[in-house]
Amino acid sequence: MGKFLTTQEIGKRTSTPHDEAFKKLLQTFFKEFIELFFPELDRLLDYSQTRFLMQELLVDIVGQEARELDLLLETKYTLLDAYVLIHFEPQSYREADFHERMFIYFSRLFERHRKDHQLIIPIAIFTAEDIKNEADTLSMMIPQHNILYFQFLKVELRNKDWRQFIESDNPVAAALLAKMGYNEKEKREVRIAYLRMILRLQNKLDDARLALIMSVADLYFKPNKAEEEEILRELRIQYPEEGERIMELMPAWKKWGYDEGKDEGREEGREEGKEVGREEERRLIIRKLLEKGFTPEKVADTLELPLDEVKKVRGS
């Protein structure tokens with residue numbers, strides 16, 4: 001027989017920065033995620049009646065372990081004119097019995113919520129580079145009779161062709177572009193396509209949501225200064241107007257400090273004149289991320305700022 005974990009034991013189960021960032025992405029852009037990867041389901045949901053539920057602790061009696069669901073929400077399903085549950089489970093590593101775990105989650109949710117929800121929709125998002133064609137079904141049968149057939153929805157990012165998404169204005173597409181299928185020779189093309197997507201999104205998203213998209217994307221792409229300088233120089237040659245706009249956008253979020261190709265005297269004057277404005281912009285971004293539920297530590301890590309600065313803004 002399995003055991004229920006104590007509150008202290010549960011507290012020891014910490015999430016990685018990747019897990020937390022992905023969860024925040026889904027919370028902020030739930031509708032956009034469904035639109036992007038499940039357009040058929042998108043047409044059946046009433047997003048105006050969506051609420052996120054508190055994390056549920058589900059105990060696997062067989063496996064003798066307890067796990068928190070990554071994300072569970074309630075929304076309206078128009079075909080049934082009823083509220084349904086949608087369970088998101090990001091998976092960043094290969095796990096042989098993952099499909100069994102998804103069924104256990106589903107069965108526990110069914111056990112708890114079947115009286116209030118006519119439908120439970122489980123969705124797995126596979127983000128690891130070596131994950132392709134993962135099992136998404138669990139079945140049991142005897143001759144002439146199916147006892148069980150369970151199948152969850154899934155997104156395998158490495159199976160997605162990045163070129164199919166670069167004209168999209170969907171913020172989730174920009175955040176996850178670097179996790180899609182491309183080879184090493186295409187890496188620079190992917191980064192340029194992503195930066196151009198960010199430019200388009202700049203006019204459609206507030207600063208906090210744009211910062212979230214960029215922070216998630218950089219977890220996957222892991223840019224470095226030398227590579228970015230080369231890419232931005234290429235952007236300025238191929239797309240002069242967009243290249244200049246990128247040069248203005250990126251330092252507001254990441255302290256990379258690209259000054260190549262600019263007149264030193266003019267740049268020195270401009271930077272000195274903009275310093276006060278940048279500080280105010282930075283404080284605004286910090287406040288918005290804190291309002292979105294980010295911890296001070298997460299804000300400091302996302303924006304690459306000293307923790308003391310973030311705490312000072314929070315207390316002001």
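Helix 12 passes helix 13 in a right-handed crossing. The contact between these helices is made by Pro296, Glu297, Val299 and Ala300 on the helix 12 side, and by Leu307, Val310, Lys311 and Arg314 on the helix 13 side. This is a predicted model. The protein has 316 residues, of which 45% count as buried, and its secondary structure comes to 13 helices and nine strands.

**Overall make-up**
- Taking contacts in the protein between residues at least 6 apart in sequence, 64% join residues at least 24 apart.

**Helix 12 and helix 13**
- Helix 12 spans residues 296–303 and helix 13 spans residues 307–315.
- Their axes lie 9 Å apart, and the helices pack at an angle of about 125°.
- Angles from 65 to 115 degrees count as roughly perpendicular and those over 145 as roughly antiparallel; helix 12 and helix 13 are therefore oblique to each other.
- The residues that make the contact include Pro296 and Val299 of helix 12, and Leu307 and Val310 of helix 13.
- Sorted by class, the contact of helix 12 with helix 13 has five nonpolar, no polar and three charged residues.

**Helix 7 and helix 9**
- Helix 7 (residues 187–202) and helix 9 (residues 225–238) have axes that come within 10 Å and cross at roughly 65°.
- That angle makes helix 7 roughly perpendicular to helix 9.
- The crossing of this pair is right-handed.
- From helix 7, the residues in the contact are Lys187, Arg188, Arg191, Ile192, Leu195 and Arg196.
- From helix 9, they are Glu227, Glu228, Glu230, Ile231, Leu232, Glu234 and Leu235.
- By class, the contact of helix 7 with helix 9 has eight charged, five nonpolar and no polar residues.

- Glu186 is found in the loop between helix 6 (171–176) and helix 7.
- Its relative accessible area is 17%, and buried means under 20%, so Glu186 counts as buried.
- Leaving aside neighbours within four places in sequence, Glu186 is in contact with Trp162 and Arg163.
- With Trp162, the contact is also a polar one between side chains, at 3.4 Å.

Methods. Residues are numbered from 1 along each chain as its sequence is written. This is a predicted model: local features need pLDDT of at least 70, side-chain atom pairs count only at pLDDT 80 or more; totals for chains, interfaces and linings use all residues. Side-chain values use heavy atoms; hydrogens and water are left out. Axes are lines fitted to C-alpha atoms, for helices over the stretch in contact, and angles run from 0 to 180 degrees between N-to-C directions. Helices (H or I, at least four residues) and strands (E, at least two) are DSSP runs, numbered from the N terminus. Angles under 35 degrees count as roughly parallel, over 145 as roughly antiparallel, 65 to 115 as roughly perpendicular and the rest as oblique. A crossing is left-handed if the near helix is turned anticlockwise from the far one by less than a right angle, and right-handed if clockwise. Contact means heavy atoms within 4.5 Å. Ala, Val, Leu, Ile, Met, Phe, Trp, Tyr, Cys and Pro count as nonpolar, Asp, Glu, Lys and Arg as charged, and the others, Gly among them, as polar. Buried means under 20% relative accessible area, exposed over 50%, partly exposed in between (1.4 Å probe, protein chains only). A polar contact is a pair of N or O atoms within 3.5 Å; within protein, one must be able to donate a hydrogen and the other to accept it, and residues adjacent in sequence count only if both atoms are side-chain atoms.
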